[in-house]
Amino acid sequence: AHGSGRTSAGHASAMGHRLARGLASPSTIDMPWRVEANEVFPVIPEPLRNDLRQEGVAFYDWPVMPDMARFVTHFGTTPEEVDELIELIATRSKSL
């Protein structure tokens with residue numbers, strides 16, 4: 001159990017990177033900052049952010065830049081959850 005904290009942090013970081021790669025693909029989303037851990041800061045147009053919230057996606061508005069959001073992955077975040085979010089964003093982005 002001694003190394004489990006590092007494993008959990010590594011998993012959270014891997015899920016953050018997976019999310020960032022997926023978010024970078026729609027042209028409606030800008031990724032101004034490199035992902036270094038489990039926090040992802042995409043710039044997402046307000047209509048898309050509103051759609052995501054209506055779908056129950058939890059994230060924070062991050063007031064450093066207009067339309068910036070903050071997503072945080074953790075040890076319990078699964079690859080399937082990340083992929084579902086990426087697919088939802090890709091689908092919703094097409095309707096903007």
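## Basis of the description

The model is predicted, and local features need pLDDT of at least 70, side-chain atom pairs count only at pLDDT 80 or more, and totals for chains, interfaces and linings use all residues. Residues are numbered from 1 along each chain as its sequence is written, while side-chain values use heavy atoms, with hydrogens and water left out.

When neighbours within four places in sequence are left aside, Leu52 is in contact (heavy atoms within 4.5 Å) with Val57, Phe59, Leu85, Leu88 and Ile89.

An open sheet of 3 strands has the order E1-E3-E2, with antiparallel pairing, where two strands pair if DSSP finds at least two bridges between them. Strand E1 (39–40) and E2 are the edge strands, each of which pairs on one side only. The antiparallel strands E2 and E3 are joined by 2 bridges, and Asp61 stands opposite Ala69 in E3.

The loop between strand E2 (60–61) and E3 holds Asp67, which has a positive phi of about 70° although it is not a glycine. Most residues other than glycine have a negative phi. Asp67 is partly exposed, with a relative accessible area of 32%, on a scale where buried means under 20%, exposed over 50% and partly exposed in between (1.4 Å probe, protein chains only).

Ser13, found in helix H1, is buried, with a relative accessible area of 19%. Neighbours within four places in sequence aside, Ser13 is in contact with Glu36, Ala37 and Asn38.

Pro79 lies in helix H3 and is partly exposed, with a relative accessible area of 26%. Not counting residues up to four places away in sequence, Pro79 touches Met15 and Arg18. Pro79 and Val43, which are 36 residues apart in sequence, are 22 Å apart in space, C-alpha to C-alpha.

Note on methods:
Helices (H or I, at least four residues) and strands (E, at least two) are DSSP runs, numbered from the N terminus.
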